[in-house]
Amino acid sequence: MDLNLSGKKFFVTGVASGIGHATAELLIRAGAEVVGADRAELSKPLPLAAFHHLDLSDPALIDRAVAAAGDGYDALINVAGVSSLASTDMQFRVNFLGTRHLTLAMVPRLKAKSAVFNVASSTAVRWEQHLDRFTPLVETKSFEEGLQWLKANPQESPISYAWSKEALIIWTMRTGLEWIGTGRRINALSPGLTYTPMHAEFVQAHGEALLKKDAERTGDAGSAEDVAKALVLLQHDYAGWWNAANINVDGGFSASVLMAKENFGDV
């Protein structure tokens, strides 16, 4: 399979470090043009075509980044997010509402035949059990309306990070069905525990013992490049039939939870 992506153009968020940086780097190595965006500056040099400041917690700042982004994109790859160390409000603002707002704002800047990939999380493994819970949030029509729903339905919990990613997965699947016949497709990709700069934040939020237990499920945590490779593979024309799916790239983490019938994510 030829992974030459010359002539293709991508908009990748979260490029400052971690999975976003690794994804942008691999796409560039494959010959693609990559425009990157992040709230932070690049942790390491990256030969991007352009870089835009992006704060997913504020729809006005999202719109400003989109206005400067240009068009002609083959794919939007949403990697940017916040960890469980952030407040519940910020988790839902960034991981769901901001990602949704950016995606819809970018649609006119995508080519007629194009794709969107939303990085979710294998901590959202129980998303199917919470369809009724989060469908009303997913059905809100704007960033502000989503905030109003969250104010009326507080989601404070030790696992609110997982819930914010569940909402993203549910919205991604619904949107993929709505896009059938448009030439565009959208998927979620759910990594397991991954060694990135954000890993330290999860340790701080949940404790080293819990994360060590999670890593033991798959032998060890994955690397940013492990996840980035999957994202890059999905840019090949051979992946064109994937739509409205949640793709686990977690070394078997989700299977270990589901097969053991654990209550992970149910509290």
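1. Let's start inside the sheet: Phe-10 stands opposite Ala-75 in E4. The two strands involved, E1 (residues 9-13) and E4 (residues 73-78), pair in the parallel sense over 3 bridges. Strands here are DSSP runs of E with at least two residues, helices are runs of H or I with at least four, and both are numbered from the N terminus. Two strands pair if DSSP finds at least two bridges between them.

2. A word on the model before going on: it is predicted, local features need pLDDT of at least 70, side-chain atom pairs count only at pLDDT 80 or more, and totals for chains, interfaces and linings use all residues. Residues are numbered from 1 along each chain as its sequence is written, and side-chain values use heavy atoms, with hydrogens and water left out.

3. Now the whole sheet. It is open, has 7 strands in the order E3-E2-E1-E4-E5-E6-E9, and its pairing is parallel. At the edges sit E3 (50-53) and E9 (246-249), each pairing on one side only. Neighbouring strands are turned by 20 degrees against each other on average, direction ignored. Helix H3 (residues 88-106) packs on this sheet and touches E1, E4, E5 (110-119) and E6 (184-191); its direction makes about 175 degrees with that of E4. Contact means heavy atoms within 4.5 Å. Axes are lines fitted to C-alpha atoms, for helices over the stretch in contact, and angles run from 0 to 180 degrees between N-to-C directions.

4. Have a look at E1 itself. Of its 5 residues, 5 are buried (under 20% relative accessible area, with exposed being over 50% and partly exposed in between, using a 1.4 Å probe and protein chains only). Lys-9, Phe-11 and Thr-13 point one way from E1, while Phe-10 and Val-12 point the other way. E1 also runs parallel to E2, joined by 5 bridges, and Thr-13 stands opposite Ala-37 in E2.

5. E2 (residues 33-38) includes Glu-33, which counts as partly exposed at 38% relative accessibility. Not counting residues up to four places away in sequence, Glu-33 touches Lys-8, Lys-9, Phe-10 and Ala-49. The C-alpha atoms of Glu-33 and Lys-8 are separated by 6.2 Å, although the two are 25 residues apart along the chain.

6. Over at E6, 7 of the 8 residues are buried. E6 pairs with E5 in the parallel sense over 6 bridges, and Phe-117 stands opposite Asn-187 in E6. E6 is also joined to E9 by 4 bridges, again running parallel; there, Pro-191 has Val-249 of E9 as its bridge partner.

7. Finally, the helices. The axes of H4 (residues 131-138) and H5 (residues 143-152) come within 9 Å and cross at roughly 140 degrees. That makes H4 oblique to H5: angles under 35 degrees count as roughly parallel, over 145 as roughly antiparallel, 65 to 115 as roughly perpendicular and the rest as oblique. H4 brings Arg-133, Phe-134, Pro-136 and Leu-137 to the contact, and H5 brings Gly-146, Trp-149 and Leu-150.

8. Which residues of H4 are buried? They are Phe-134, Thr-135, Leu-137 and Val-138. These four cover an arc of only 165 degrees around the axis, which puts them on the same side of H4; the arc is that of the directions from the helix axis to the C-beta atoms. The buried residues of H4 pack against H3, H5 and H6 (160-178).
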